[in-house]
Amino acid sequence: MLLALAYYAVLAVDRYASSALVVVRQTDESQSATVPGLAMLMGGTNPTSREETLFLTEYIKSPDLMNELEQRVNWVERYSGQWRDPFFWISADADAETKLAYYQRIVQPHFDDVTGLLRVEVQSFDPQLAQDMLKVILESSESFVNEISHRIARDHMKFAADELLKARRLYDEKQHLLLEFQNKYSVLDAQASAQSRAGIITQIETSLSQERATLKGLEATLNPNSPQVRQQRNRIAALEGQLQAEQRRLVSAQGDDKMNLLAAEFRNLTIDASVAEEAYKLAITAQQNARIEATRKIRTLVTIATPNLPERAAYPEALYNLLTILIVLGLLYGIARFIITTIEDHRD
């Protein structure tokens with residue numbers, strides 16, 4: 001207890017604490033109607049994202065922010081000037097691990113699970129240095145939050161843009177193949193042409209049936225060698241020849257210019273082009289949705305309480321610590337006396 005009294009009376013150095021309250025918010029206009037209170041006044045933001053706040057907590061304790069503070073405020077040299085308090089002394093030439101351990105003692109983020117607020121406290125022997133360091137921490141934290149959210153948004157937008165470009169290339173390729181087919185065979189719609197050809201064949205067959213019926217009627221009343229009968233037979237023969245020609249052109253197992261083959265190939269090309277077109281439309285919609293979603297999920301760091309300039313030292317809490325040490329020592333003394341008394345009783 002005497003050692004503790006000597007430390008707090010002679011060696012302990014006053015430490016000033018500057019603190020700030022921040023919160024990570026996510027812009028989401030679609031949910032503004034369901035978010036009450038302060039969130040409505042802040043422009044329609046959704047509740048704090050716990051994950052992003054925890055990420056920020058780890059970033060504040062990271063060597064990256066420690067090194068940035070060293071570059072901007074040269075905190076190691078300014079803290080190393082204190083030599084009286086051995087528990088808060090650091091060498092200006094200390095290694096990185098020692099600096100990090102010391103840094104995590106003087107810079108302490110505290111996350112409140114209930115309110116979702118992050119309280120950042122910086123301890124220093126100089127109140128102005130504590131405030132300056134905390135301002136740098138908040139500036140770097142805001143850049144960190146913005147960069148994380150914008151990087152995610154950029155990745156989503158890049159993926160959607162790449163998919164749109166692939167869909168556009170596929171669509172152009174399928175349309176080019178369809179145009180080449182139409183130019184090669186001088187046909188706009190092979191399937192429609194095949195259907196039209198089938199209609200012509202049906203008409204020829206109908207006419208042929210009528211002409212055959214007429215021939216039977218002539219043969220029943222006239223001589224088989226009469227001019228009317230021969231003329232009717234010639235007409236039927238012409239229709240049969242035309243019918244065979246149209247059938248060969250419409251349906252054939254050989255040749256690339258047959259209407260059935262052209263219609264089948266044209267249908268495949270049309271289906272491929274339609275599928276590519278639908279994929280292209282979906283890619284356009286996906287890119288638009290990705291842009292809207294990325295905008296809605298932009299995170300920002302909102303400062304609830306700005307870094308203060310402390311006017312009196314917050315640490316060390318000498319009376320509280322001495323009282324705690326006295327109670328602990330009293331308990332240890334009592335336990336030790338109880339153990340010694342028990343041992344002596346067993347000896348007797």
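**Figure 1. Overview of the predicted protein chain.** Of the 348 residues in the protein chain, 32% are buried (buried means under 20% relative accessible area, exposed over 50%, and partly exposed in between, with a 1.4 Å probe and protein chains only). The model is predicted: local features need pLDDT of at least 70, side-chain atom pairs count only at pLDDT 80 or more, and totals for chains, interfaces and linings use all residues. Residues are numbered from 1 along each chain as its sequence is written, and side-chain values use heavy atoms, with hydrogens and water left out. The secondary structure comprises 11 helices and five strands (DSSP runs numbered from the N terminus, helices being H or I with at least four residues and strands E with at least two). The accessible surface of the protein chain comes to about 21,700 Å², and 56% of this belongs to carbon and sulfur atoms (Shrake-Rupley method with a 1.4 Å probe; for residues, only the protein chains shown count as cover). Among contacts in the protein chain with a separation of 6 or more, 75% are accounted for by residues 24 or more positions apart (contact means heavy atoms within 4.5 Å).

**Figure 2. Buried residues of helix H3.** In helix H3 (residues 50–60), the buried residues are Glu52, Thr53, Leu56, Thr57, Tyr59 and Ile60. Because they cover an arc of only 165 degrees around the axis, these residues are on the same side of H3 (the arc is that of the directions from the helix axis to the C-beta atoms).

Figure 3. The structure holds nine aromatic pairs (rings of Phe, Tyr and Trp, the last by its six-membered ring, pair if their centres lie within 6.5 Å; planes under 30 degrees apart count as stacked, over 60 as edge-to-face and the rest as tilted). One of them is the stacked pair of Trp75 and Tyr102, with 6.3 Å centre to centre and 15 degrees between the planes. Trp75 lies in helix H5 (residues 75–80) and Tyr102 in helix H6 (residues 96–106), so this pair ties together parts that are 27 residues apart in sequence. Trp75 is buried at a relative accessible area of 1%, and Tyr102 is buried at 5%. The ring centres of Trp75 and Tyr103 are 6.0 Å apart and the planes stand at 45 degrees, so this pair is tilted. It links distant parts of the chain, with Trp75 in helix H5 and Tyr103 in helix H6, 28 residues apart. Tyr103 is buried, with a relative accessible area of 0%. Ring pairs link Trp75, Tyr79, Tyr102, Tyr103 and Phe125 into a cluster.

**Figure 4. Buried face and N-terminal cap of helix H6.** The buried residues of H6 are Tyr102, Tyr103 and Ile106. Viewed down the axis of H6, they fall within an arc of 105 degrees and therefore line one face of the helix. At the N-terminal end, Asp95 caps H6 through a side-chain oxygen that lies 3.2 Å from the backbone nitrogen of Glu97.

**Figure 5. Arginine side chains over the ring of Phe88.** Arg15 lies over the face of Phe88, 3.9 Å from the ring centre. The charged end of Arg105 also sits over the ring of Phe88, at 4.3 Å from its centre (NZ of Lys or CZ of Arg within 6 Å of the ring centre and within 35 degrees of the ring normal).

Figure 6. Ser124 lies in strand E4 (residues 118–124) and is buried, with a relative accessible area of 2%. The side chains of Ser124 and Tyr79 are joined by a polar contact of 3.5 Å (a pair of N or O atoms within 3.5 Å; within protein, one must be able to donate a hydrogen and the other to accept it, and residues adjacent in sequence count only if both atoms are side-chain atoms). The Ser124 side chain also reaches the backbone nitrogen of Asp126 at 3.2 Å. Apart from neighbours within four places in sequence, Ser124 is in contact with Asp14, Arg15, Tyr16, Tyr79, Leu129 and Ala130.

Figure 7. Most residues other than glycine have a negative phi, and most peptide bonds are trans. Asn74, a residue other than glycine, has a positive phi near 55 degrees. Asn74 is placed in the loop between helix H4 (63–73) and H5 and is partly exposed, with a relative accessible area of 27%. Tyr315 and Pro316 are joined by a cis peptide bond with omega about -5 degrees. Pro316 lies in the loop between strand E5 (299–305) and helix H11 (318–347).
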